[in-house]
Amino acid sequence: MSAAPSSPAGGTTATPPAPPATLVIFGALGDLTRRLLVPAIVNLVRSGLVGDDFKIIGVSHHDSSDDALREQLDDFIGKADGEGGAHGDKSGAGDPDWLKLRDRITYLKGDFEDAATYEALKDRIDGNAAFYLATAPGFFGPVIDSLGDAGLLTQSDEAFRRVVIEKPFGHDLPSAEALDERILKHLDETQVYRIDHFLGKETVQNILVTRFANTMVEAVWNNRYIDHVQITAAETVTVGTRGKFYDTTGAMRDMVPNHLFQLLAMVGMEPPNDFGSEAIRNEKAKVIAAIRAPRPEDVADVAVRGRYTAGRAGDADVADYRSEPEVAPDSKTETYVALKLMVDSWRWAGVPFYLRTGKGLAARDTEIVVQFKPVPYAQFAGVDHNRLPPNRMVIQIQPDEGLSIEILAKKPGPVIEPAPVSLDFAYSDHFKLGHTTGYETLLYDMLTGDQTLFQRADQIESGWEAVQPILDAWAADGEPEPYPAGSDGPAAAADLLTRDGRAWHKIGRPA
Ligand code: BG6
């Protein structure tokens, strides 16, 4: 996500293609590969950002072959995201850009923990290579050890070696630290690309432009003017077929120290000195490190957990979480979390950040709401300034990407009556968004060595540190509060804000 270079004519120059490389995908037959990774690479081929010198090797322990893997992907490119081709034009398996890539995909059957797999890889790799760990998290350490032991991670001036790691990165602070220590035995931090796919979303990247390219925004972006911030990632989808993974993970580990803290960092960071990846990542790391970990005795006051029960969400009937496939019938796993967090910094002292995320909710809605303080003085006779509807900025991440500013205007008539109005910017009105998987920028950045949009070890560890007291308290006692699928979440989440004289922004955009 580097800033566009200026051309001599004053515009921006075209984005250069990524260097030739081999992408080795561990977990090649999995959902991520066919649903997101390969369609994203097809989109990069289409934009001319990866060339004919780009190859993919899929690795998995299942019986398969080059042809079988390509055919499986054919099927999927034909219905990526259920919307047609990789770019949504229904061209599917006949898509010319897919056909350009198709023959350069090969399969390697191999056990992730068998040295022979890595010897076979050595014979097939020459030059730049990136290893994508689209595997269960338990394989991250073993695969990196084996790659290192086989000498596959040794770089030279002519050839880079990089590793891309999916989430979850550890399941708590000690396990994240142990994993970092293990992988950094074989790799330099500059070779490690820890993915957080939220950072691949255009609207998330736009937070930096909204803040740092607009004087009028940054001027009020502090505790003098901001009352509080709400960060919401609400989903209608339920645990679906992911019961095995989700029941041992839960909403907190799945969404908070990674996705929601990355959003918090974009909102809370100081302006970087330059747009280089280390400058940006330093500022983000500082904000995440400044999130105050609650004291054990405060956990009940600042953290709420919920679990969906039967209902209807996203136009579908939803079963009780505890009766979902591969979920324990007496599960205490949370499918919803709401938190009140404080960020101990000069800019944010006294400004609560309320975070919430959950499955089986009323609507799909990922948004950031920045609510401003009331005006300081009652200027309009008969109007209580503390009761005026607040100014708000709503950054709509998905769906309906955009940004709204809620301000007050005089309602026409003989008396002064301030009424709320909204200034709305919809991405689709101004830009052609196209159909992307969200992985295009991340893969291109990785191939070109830009780590801006990837999580650094210190960010991940500080994230775990902030939530660890809550995880510990929850593991020791109690269980999530039930909420019916299709609702806004458990009642205790509403109380979290009511106690502070505030209210959550309604989930879902008004029709
Ligand atoms: C993933 C979580 O990281 O993010 C899922 O594991 C969640 O549980 C998903 O559904 C949400 O991502 P998006 O891009 O659909 O909002």
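Which side chain meets that of Arg35 in a salt bridge? Select Arg35 and Asp31 to find out: the two side chains form a salt bridge, with N to O at 3.2 Å. Keep in mind throughout that this is a predicted model.

**Stop 1: helix 1**

Stay on that pair. Arg35 and Asp31 both sit in helix 1, residues 31-46. They are 4 residues apart, so about one helical turn separates them. Arg35 is partly exposed, at 32% relative accessible area. Asp31 is partly exposed too, at 41%.

**Stop 2: helix 3**

Next, select Asp97 and Lys100. Their closest N and O atoms are 3.1 Å apart, and the pair forms a salt bridge. Both residues belong to helix 3, which covers residues 96-102.

Is Asp97 buried or exposed? Asp97 has 11% relative accessibility, so Asp97 counts as buried. The cut-off for buried is under 20%. Lys100 is partly exposed, with 45%.

Salt bridges link Arg46, Asp95, Asp97 and Lys100 in a network.

**Stop 3**

Select Arg502 and Asp227. Their side chains meet in a salt bridge, 2.8 Å from N to O. This pair links distant parts of the chain, 275 residues apart. Arg502 is in the segment after helix 16 (491-498). Asp227 is in strand 7, residues 226-234. Check the accessibility of Asp227: the residue is buried, at 17%.

How many salt bridges does a search of the whole structure find? The total is 33.

**Stop 4**

Go to Asn128. Look for the loop between helix 4 (115-124) and strand 4 (129-133). Asn128 is buried, with a relative accessible area of 13%.

Show the contacts of Asn128. Leaving out residues up to four places away in sequence, Asn128 touches Pro19, Pro20, Ala21 and Thr22, as well as Glu158, Ala159 and Phe160.

Zoom in on Phe160. What lies 2.8 Å from a polar atom of the Asn128 side chain? The backbone nitrogen of Phe160 does.

Arg162 lies over the face of the Phe160 ring, 3.6 Å from the ring centre. For another example of a charge over a ring, select Lys201 and Phe198. The charged end of Lys201 sits over the Phe198 ring, at 4.8 Å from the centre.

**Stop 5: aromatic pairs**

Now display the aromatic side chains. The whole structure contains 12 aromatic pairs. Select Phe26 and Phe112. Their ring centres are 5.6 Å apart and the planes meet at 80°, so this pair is edge-to-face. Phe26 lies in strand 1, residues 21-26, while Phe112 lies in the loop between strand 3 (105-109) and helix 4. The pair therefore ties together parts that are 86 residues apart in sequence. Phe26 and Phe112 are both buried.

Move to Trp348 and Phe353. Here the ring centres are 5.2 Å apart and the planes are at 80°, so this pair is edge-to-face. Turn the surface on again. Trp348 is buried, at 1% relative accessibility. Phe353 is buried at 0%.

Ring pairs link Phe26, Phe112, Tyr118 and Phe139 into a cluster.

**Stop 6: Thr117**

Finish in helix 4, where Thr117 is placed. Thr117 counts as buried, at 4% relative accessibility.

Which residues does Thr117 touch, not counting those up to four places away in sequence? Select Val59, Leu108, Gly110 and Asp111 to see them.

Stay with Asp111. The backbone oxygen of Asp111 lies 2.6 Å from a polar atom of the Thr117 side chain.

Conventions. Residues numbered from 1 in each chain as written. Predicted model: local features only at pLDDT ≥ 70, side-chain atom pairs only at ≥ 80, totals over all residues. Heavy atoms only, no water. Salt bridge = Lys/Arg side-chain N within 4 Å of Asp/Glu carboxyl O. Helix = DSSP H or I, 4+ residues; strand = E, 2+ residues; numbered from the N terminus. Buried < 20%, exposed > 50% of the residue type's maximum accessible area, 1.4 Å probe, protein only. Polar contact = N/O pair within 3.5 Å; in protein donor to acceptor, adjacent residues only side chain to side chain. Contact = heavy atoms within 4.5 Å. Phe/Tyr/Trp six-rings, centres within 6.5 Å; stacked < 30°, edge-to-face > 60°. Lys NZ or Arg CZ within 6 Å of the ring centre and 35° of its normal.
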